[in-house]
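Keep the sequence and the model side by side as you read. We will go through the structure one feature at a time.

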Amino acid sequence: MRRAAVAHPLRLLKYCKYSARGLSSLRSYATSSSSINPTEVSHFNALASTWWDPYGSSRLLHLMNPLRHDFIAACHALKPHSTSQKTLRYLDIGCGGGIFAESAARLPSTASVTAIDPSVEVVAVARQHARRDPLLQEPGRLEYLNNGIEDLAVAEAQEDKYDVVTLFEVIEHISHPAPFLDSCLQFVKPGGWLVLSTIARTWTSWAVTKVAAEDIMGLVPRGTHDWSKYINEHELRRFFETQRGWGINGGVKAMGCVYVPGVGWRMVPGGEQWGNYFFGIRRDP
């Protein structure tokens with residue numbers, strides 16, 4: 001039985017309108033042109049030194065990383081108009097210490113990875129760790145930038161944009177997600193994919209991610225998540241319904257995932273309705 005999403009009053013105003021007016025209301029809450037939240041940056045700065053400890057504060061991200069690649073591969077497997085996987089260019093937004101960026105840069109199908117994050121400390125950790133691998137030192141293979149997405153130049157030519165733009169565990173930390181997504185979409189080339197992971201805003205996700213993971217089991221540092229910022233999968237779909245040029249011919253995919261202690265992360269069809277999930281949408285060719 002599908003669990004009902006919890007209605008958050010402000011979030012309903014922001015997301016659950018079908019009309020463009022609903023999105024205009026959402027954008028009106030933005031008080032700055034930047035998506036960077038100093039409180040969020042400070043929180044992750046404090047975790048920078050343990051980012052690459054597989055048993056540290058980012059343990060769940062290390063364990064989730066293989067599923068990120070599996071989901072991207074599943075998106076590319078959708079027909080028609082799948083992006084060729086021979087020479088993919090990635091833009092990893094909110095890259096943190098580089099768990100996904102490094103792994104993507106090592107793939108034989110990767111041409112380049114540009115990874116950005118607003119945290120000076122976290123990007124420093126990412127750069128230092130990448131120096132351990134000679135492959136990652138090849139010119140153009142992996143580049144870290146201490147930037148917010150609004151500070152990154154958008155290529156004028158469509159072919160110079162990115163095949164895959166990723167937002168893994170990012171959007172639930174953004175105060176004004178609609179203008180942030182608007183900024184991200186500019187970087188996807190025609191036929192390319194925007195791929196993200198986030199958490200549905202339900203009572204189940206509150207119990208699992210806030211009470212169990214943060215307060216009881218200590219799997220995630222306290223204060224990592226703000227449940228009111230979680231975004232339901234249907235809200236993302238409605239947002240993209242207002243965007244021209246996205247998701248035609250089945251170019252939208254979602255998949256739930258759940259962490260099982262002692263086992264790891266597993267894909268759960270339908271889990272996108274109540275907990276952690278991946279979401280991908282293709283820019284029309």
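Is W227 buried or exposed? W227 is buried, because its relative accessible area is 14%, under the 20% cut-off. Keep in mind that this is a predicted model.

W227 has a ring partner. W203 and W227 form a stacked aromatic pair. Their ring centres are 5.4 Å apart, with 15° between the planes. The pair links distant parts of the chain. W203 belongs to helix α8, residues 203-216. W227 sits in the loop between α8 and α9, the latter covering 233-241. The two tryptophans are 24 residues apart. W203 is exposed, because its relative accessible area is 55%, over the 50% cut-off.

Now move to a second stacked pair, F240 and F279. F240 is in helix α9, whereas F279 is in strand β8, residues 276-282. The pair therefore ties together parts that are 39 residues apart in sequence. Both phenylalanines count as buried: F240 has 4% relative accessibility, and F279 has 1%.

These pairs are part of a wider set. The structure holds 10 aromatic pairs. Ring pairs also link F71, Y90, F100, F168 and F278 into a cluster. The charged end of R89 sits over the ring of Y162, 4.5 Å from the ring centre.

Still, α4 is bent. The bend is about 35° and falls at N65. A proline, P66, follows within four residues.

Which residues of α4 are buried? They are L60, H62, M64, N65, L67, R68, H69, F71, I72, C75 and H76. An α-helix has 3.6 residues a turn, so residues three or four places apart point the same way. In α4, L60, M64, L67 and F71 are among the buried residues.

Take H69, also in helix α4. H69 counts as buried because its relative accessibility is 19%, under the 20% cut-off. What does H69 touch beyond residues up to four places away in sequence? Its partners are F100, S103, A104 and L107. F100 is also a member of the ring cluster.

Next, find I174 in the loop between β4 (162-168) and α7 (177-185). Although I174 lies in a loop, it counts as buried, at 8% relative accessibility. Leaving aside neighbours within four places in sequence, I174 is in contact with S35, F180 and K229. I174 and K229 are 55 residues apart in sequence. Their C-alpha atoms are 7.5 Å apart in space.

Finally, step back to the whole protein. There are 9 helices and 8 strands. Of the 285 residues, 53% are buried. Among contacts between residues at least 6 apart in sequence, 75% join residues at least 24 apart. The accessible surface comes to about 12900 Å². Carbon and sulfur atoms account for 55% of that surface.

Note on methods
Residues are numbered from 1 along each chain as its sequence is written. This is a predicted model: local features need pLDDT of at least 70, side-chain atom pairs count only at pLDDT 80 or more; totals for chains, interfaces and linings use all residues. Side-chain values use heavy atoms; hydrogens and water are left out. The bend at a residue is the angle between axes fitted to the seven residues ending there and the seven starting there. Buried means under 20% relative accessible area, exposed over 50%, partly exposed in between (1.4 Å probe, protein chains only). Rings of Phe, Tyr and Trp (its six-membered ring) pair if their centres lie within 6.5 Å; planes under 30 degrees apart count as stacked, over 60 as edge-to-face and the rest as tilted. A charge sits over a ring if NZ of Lys or CZ of Arg is within 6 Å of the ring centre and within 35 degrees of the ring normal. Contact means heavy atoms within 4.5 Å. Accessible areas come from the Shrake-Rupley method with a 1.4 Å probe; for residues, only the protein chains shown count as cover.
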